[in-house]
Amino acid sequence: MIIRKSAQEIETMARAGKVVAEALALIEEHLQPGITTGELDALADEFIRSHGGEPTFKGYKGYPAATCLSPNSMVVHGIPGRLKLQDGDILSVDVGVTLDGFVADSAWTFPVGSISTDAQRLLDTCKAALQAGIAEARVGNSIGDISQAVQRVTEEAGYSVIRSLVGHGVGRSMHEDPQVPNFVSAYRGPELKEGMTIAIEPMITAGGPDVYIHDDEWSISTTDGSLAAHFEHTVAVTAAGPRILTETGVLVP
Ligand code: MF3
Ligand code: CO
């Protein structure tokens, strides 16, 4: 069942989304060779709580941290800890905030120090895939239009979309209907209606589409060891067009 949100509920989600965006910016500011993922998580945790939010991920199905921090070939759900970042790494940072009963969820893959041109092209492509997906989040389109845009941008650049991980509705809880795949199939998914709020999140790799779960039962990495990128925004479908709730709240023209 898809839960559509009122204009007022969307404003609450935008406030949660502002805390998410600022927590991501805070992590970006502190990203440098030598810092540990545990230190970055602590910064975000304290920032979120001091801005009236709760880190949504902490305690979710027993997840132990406020953020997911996934380096290099790790796609998502990396558990922060003693890992020290190195020059040339990329780090996927995923943050969720619950505020006044509503959730916003966003992710960004950042460079650590200076990265290869190949790695930079992967990040640029993933971000472009997200933007193309968001542009399709319009009343009257279907979820499949978003999926198709993400897949097209990714595959035209020679990369793979991961099929076993998908975006999702978000709002009253972190995961709501509908699923938002990053690839198309015969089923185009539900039609988009005003008030739907979805997390669009391309997860792409420089190699093949297959992934595996580590022994910690959370971290997910590419099977072939290729680099992975993940960009995610929480987006509201409004009469005026897609509204990104985890950025500056601007409308996509
Ligand atoms: N953004 C991720 C997702 O949509 C975050 C989940 S991490 C978890 O699945 F630990 F909370 F599960
Ligand atoms: Co998500």
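Which strand is Pro178 found in? Pro178 belongs to strand S8, residues 176–180 (strands, E, are DSSP runs of at least two residues, and helices, H or I, of at least four, numbered from the N terminus).

## About the model

This is a predicted model, where local features need pLDDT of at least 70, side-chain atom pairs count only at pLDDT 80 or more, and totals for chains, interfaces and linings use all residues. Residues are numbered from 1 along each chain as its sequence is written, chains are lettered from A and ligands numbered from 1 in the order in which they are written, and side-chain values use heavy atoms, with hydrogens and water left out.

Let's look at ligand 1. There are 13 residues around it, and Tyr63, Asp94, Asp105, His168 and His175 come nearest (near means a heavy atom within 4 Å). The shell has six nonpolar, three polar and four charged residues. Here Ala, Val, Leu, Ile, Met, Phe, Trp, Tyr, Cys and Pro count as nonpolar, Asp, Glu, Lys and Arg as charged, and the others, Gly among them, as polar.

A polar side-chain atom of Asp105 lies 3.0 Å from a nitrogen atom of ligand 1. For His168, a polar side-chain atom is 2.9 Å from an oxygen atom of the ligand. The protein buries 94% of the 330 Å² that ligand 1 exposes when taken alone (Shrake-Rupley method, 1.4 Å probe).

## The cobalt ion

Ligand 2 is a cobalt ion, and its protein donors are Asp105 (OD), His168 (NE2), Glu201 (OE) and Glu232 (OE), at 2.1 to 2.4 Å. Donors are N, O and S atoms within 2.8 Å of the metal (3.2 Å for Na, K and Ca). Asp105 in strand S5 (residues 102–111) and Glu232 in the loop between strands S13 (228–230) and S14 (233–238) are 127 residues apart.

## Two backbone details

Most residues other than glycine have a negative phi, and most peptide bonds are trans. The bond from Asp177 to Pro178 is cis, with omega near 0°. Lys61 has a positive phi, near 50°.

Technical notes
Polar contact = N/O pair within 3.5 Å; in protein donor to acceptor, adjacent residues only side chain to side chain.
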